[in-house]
Amino acid sequence: MSKPSSDGQDPARVIEDLWYKNAIIYSLDVETFMDANGDGIGDFEGLMRRLDYLQSLGVEVLWLAPFHPSPQKDNGYDVADHYGVHPRYGSSGDFVEFMHQAKKRGFRVIIDLVINHTSNEHPWFQAARQDEDSKYRSYYVWSKEKPEFMTDGVVFPGVQESTWTYDKKARAYFHHRFYEFQPDLNMINPKVRAEVRRIMGYWLELGVAGFRVDAVPFLLEANAPDKTEPERHFEYLDEMRQFLQWRVGDAILLGEANVAPEEMKPYFGGNGGAGSGIHMMFNFYVNQYLFYALATANSEPLAQALRETQGIPATAQWAQFLRNHDELDLGRLSDERREEVFARFAPEESMQLYRRGIRRRLAPMMGDRRREELAYSLIFSLPGSPVIRYGDEIGMGDDMRLDERDAVRTPMQWSNESQAGFSTNQEPVHPVIREGIYGYERVNVEAQRRDPESLLNWMTRMVRLRKECPEIGWGEWEILDIETPGVLAMRYEWHGAGLVTVHNFREIPRQVDLVVDVDGGETLVDLLNEGRSQSDDRKHQIFLEPHGYHWFRVGGLNYSVARASA
């Protein structure tokens, strides 16, 4: 039986209410995960057939990329109907059955909420362009005159030329932060925000646990033809959160916002104070410095980035990730540091994208198993909730022959059967990876299940370990001072449970003097290997292999009330 915490709250009850603080999220695209009907496109029936696999992996939250009706010009982010399911993935009934099966296995499901823009084939936009007096005209942002700042704020340099496009039927220019086939919605219009609430309410009624909110900074902008730096309305996030929590008390908003540390606070707090904005946000800032550390073996900028993103509200959380469905964005790094990362992980121009990012998967960038383990051990051990991209658990590769971001969107590799076991169709939605060391005959789930030393089995063990360390998601943390360059050591504490993690970014073995000056600091028990370190003066000598890592329980295996209630 759990005991009350120091502030009078039952830790088990807190964990139940704020489940996202310590969740492990798995990111997938229905389109490329599993095809059940043999048309070459993944579907909800196929996803249902793989829920037992995901359960065995140990993940708790499934984040689904857009699956709505769409012309599919931008991987489904050009939504034509926010209330439906694209027929290629199944029906609304299939989605409901999927939700039922997911909940039976204990999964929570979050879906993309794409409301910064719509497809230009959306009925709202079609009505808006055909009739200036239509109520939908004000759902979008228009200009009768050619805007002066048409090239400002381009998101996809080298691919996208402008943020305004002239529509002949409307006889006006419309604004679009992304591609010209994705006109921006006018969030200043209260009717648009009401539509957003209806969309959220619909999917909440079907059982989703929350939303990954696409392009949050642009969603909040008040755009106009004469504005180069539009004002951001954080009260929109407050509105969305209030609606969400009145409908489903523990549902969440997970925001995509690649912003600098000094700009982060309003996203979590908005105008209503701490905890009134989004619940979670992807930590793009730390992500970029993490890859800089992996590329250069210089861990100090990463340590500084972690400190700069410390101090978010107690009910908020970071989502820590390595790769996602887009490019690896390095725009927050200096030009010099970005070039260092390019030199290590994307030396060929074809591997780079939009003059700021890398369009490769994790495994080819890391180049060997030891670096992959180091990278994921880091993500699991950083403050926040870890996000795994589908296929990373088996070390899938990429296809540089595909355009732009499609290089990292190839089908999941299930077996060495034709089309990687993804489909019986010989022309899947994206080509499967056939050649080289990442070809599906060598890299697939079936083979790795049988190999006790495989990356998949290693990842499963790390997921289990991360669940046993709730202080990472809940506790106070600090970066320990050590005199060994290229090594990052962190200590966590929550309700009497303590944890220390140590990671070596260098290609050479290191001996680290680690001082753990807290109660129980005399004893460190290795959670990944047999053994412990004992020191009466709480100063431990820790050996690290090249790209090695350790997780230590402070004070032995007394997991305390926090461990028991988790």
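Predicted model: local features only at pLDDT ≥ 70, side-chain atom pairs only at ≥ 80, totals over all residues.
Student: Which residues of α11 meet which residues of α12?

Tutor: On the α11 side the residues are Y285, V286, Y289, L290, Y292 and A293, and they meet P301, L302, A305, L306 and E308 in α12. Sorted by class, this contact of α11 with α12 has 10 nonpolar residues, no polar residues and 1 charged residue.

Student: Let us turn to charged pairs. How many salt bridges does the count come to?

Tutor: The count comes to 35 salt bridges, where the criterion is a side-chain nitrogen of Lys or Arg within 4 Å of a carboxyl oxygen of Asp or Glu. One of them joins D112 and R212, whose closest N and O atoms are 2.6 Å apart. D112 lies in strand β3, residues 108–113, and R212 lies in strand β7, residues 210–213, so the pair ties together parts that are 100 residues apart in sequence.

Student: Are D112 and R212 buried or exposed?

Tutor: Both D112 and R212 are buried.

Student: How should I read the accessibility of E195 and of R198?

Tutor: The cut-off for buried is under 20% relative accessible area, so E195, at 9%, counts as buried, whereas R198, with a relative accessible area of 47%, is partly exposed. Another salt bridge to read in this way is the one that R491 forms with E493, the closest N and O atoms being 3.0 Å apart. Here R491 counts as buried at 14% relative accessibility, while E493 is partly exposed, with a relative accessible area of 38%.

Student: Now the aromatic residues: what describes a pair of aromatic rings, and how many aromatic pairs does a search of the whole structure find?

Tutor: A pair of aromatic rings is described by the distance of the centres and the angle of the planes. A search of the whole structure finds 35 aromatic pairs. Among them is the pair of F44 and F95, which is edge-to-face, with 5.5 Å from centre to centre and 85° between the planes. This pair links distant parts of the chain, with F44 in helix α3, residues 44–49, and F95 in helix α5, residues 92–104, 51 residues apart. F44 counts as buried at 0% relative accessibility, and F95 is buried as well, with a relative accessible area of 1%.

Student: What are the distance and the plane angle for Y136 and Y139?

Tutor: Y136 and Y139 also form an edge-to-face pair, with 4.9 Å from centre to centre and 80° between the planes. Y136 is partly exposed, with a relative accessible area of 21%, whereas Y139 counts as buried at 2% relative accessibility.

Student: Which residues form one aromatic cluster with F44 and F95?

Tutor: Besides F44 and F95, the cluster contains F67, Y83, F98, Y202 and W203.

Student: Turning to the backbone, where are Q72 and H495 found, and what is phi at Q72 and at H495?

Tutor: Q72 is found in the loop between β2 and α5, and its phi is near 65°, a positive value in a residue other than glycine. H495 has its place in the loop between β16, residues 487–494, and β17, residues 497–504, and phi of H495 is near 50°, again a positive value in a residue other than glycine. H495 is partly exposed, with a relative accessible area of 26%.

Student: How far apart are T424 and D39 in sequence and in space?

Tutor: T424 and D39 are 385 residues apart in sequence and 7.8 Å apart in space, taken from C-alpha to C-alpha. T424 has its place in the loop between β14, residues 385–389, and α16, residues 445–450, and at 66% relative accessibility T424 counts as exposed.

Methods. Residues numbered from 1 in each chain as written. Heavy atoms only, no water. Contact = heavy atoms within 4.5 Å. Helix = DSSP H or I, 4+ residues; strand = E, 2+ residues; numbered from the N terminus. Nonpolar A, V, L, I, M, F, W, Y, C, P; charged D, E, K, R; others polar. Buried < 20%, exposed > 50% of the residue type's maximum accessible area, 1.4 Å probe, protein only. Phe/Tyr/Trp six-rings, centres within 6.5 Å; stacked < 30°, edge-to-face > 60°.
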